[in-house]
Amino acid sequence: MPENNKILFVCVENAGRSQMAEAFFKKYATGKFQATSAGTIPADKVNPIVVQAMKEVGIDLSAESPKTLTESVIHESFRTINMGCMDKKSCPALFAKDILDWGIEDPKGKSIEEVRIIRDDIESKIKKFIQNLEAS
């Protein structure tokens, strides 16, 4: 296992995808790794539709706040996952090297039905990612 065990999930606003990924990682990981999330231009709050969709699967994001992606957060991370970029100028992939890009659609402005599909995709990717981490 690497000395640094922090996994960083990033997107532009840290209001949806990266928040869901962090929460699912914390739910399913065995404790060998820590997760955090951040955004290049954080929103004021987590997307309320995302909060609703996550409550449906027993995860409460209502107390979470979007966080700013900083050089130190990037540097302290063993692995960085970019959730996807809708805003190319603010894409976290521009600021971090050796980044995995999952290309997940942004839930901003989507219906609850669409956000559920995004949520389930993130959950599936997180489970596979954890299996690969723990196998290495």
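Colleague: Which strands does H1 lie across?

Modeller: In this predicted model, H1 lies across S1 and S2. H1 runs at about 175° to S2.

Colleague: And H4, which strands does that one lie across?

Modeller: H4 lies across S1, S3 and S4. Its angle to S1 is about 150°.

Colleague: Back to H1. Is H1 mostly covered or mostly exposed?

Modeller: Mostly covered. Nine of the 12 residues in H1 are buried.

Colleague: Which ones are buried?

Modeller: Arg 17, Ser 18, Gln 19, Met 20, Ala 21, Glu 22, Ala 23, Phe 24 and Phe 25.

Colleague: How far does H1 reach from its first C-alpha to its last?

Modeller: H1 reaches 16 Å. That is close to the 16 Å expected for its 12 residues at 1.5 Å a residue.

Colleague: Now the sheet. What is the strand order?

Modeller: S2-S1-S3-S4. It is an open sheet of four strands, with parallel pairing.

Colleague: Which strands stand at the edges?

Modeller: S2 and S4 (99–101). Each has a single partner strand, so one side of each has no neighbour in the sheet.

Colleague: What does the twist average?

Modeller: From one strand to the next, the twist averages 25°.

Colleague: How many bridges link S3 and S4?

Modeller: Three. S3 (residues 79–82) and S4 pair in the parallel sense.

Colleague: Which residue stands opposite Asp 101?

Modeller: Asn 82 stands opposite Asp 101 of S4.

Colleague: Switching to the inside. Which residues touch the most other members of the largest nonpolar core?

Modeller: Phe 9, Phe 25, Met 83, Ile 122 and Ile 126. That core has 30 residues.

Colleague: Which gives the most?

Modeller: H4, with eight residues.

Colleague: You named Ile 126. What does Ile 126 touch?

Modeller: Leaving out residues up to four places away in sequence, Ile 126 touches Phe 9, Ala 21, Phe 24, Phe 25, Tyr 28 and Trp 102.

Colleague: What do nonpolar side chains tend to do in general?

Modeller: In soluble globular proteins, they tend to be buried together.

How values were computed: Residues numbered from 1 in each chain as written. Predicted model: local features only at pLDDT ≥ 70, side-chain atom pairs only at ≥ 80, totals over all residues. Heavy atoms only, no water. Core = buried A, V, L, I, M, F, W, Y, C linked by side-chain atoms within 4.5 Å. Buried < 20%, exposed > 50% of the residue type's maximum accessible area, 1.4 Å probe, protein only. Helix = DSSP H or I, 4+ residues; strand = E, 2+ residues; numbered from the N terminus. Contact = heavy atoms within 4.5 Å. Expected span 1.5 Å × (residues − 1). Pairing = 2+ DSSP bridges. Axes fitted to C-alpha atoms, helices over the stretch in contact; angles between N-to-C directions.
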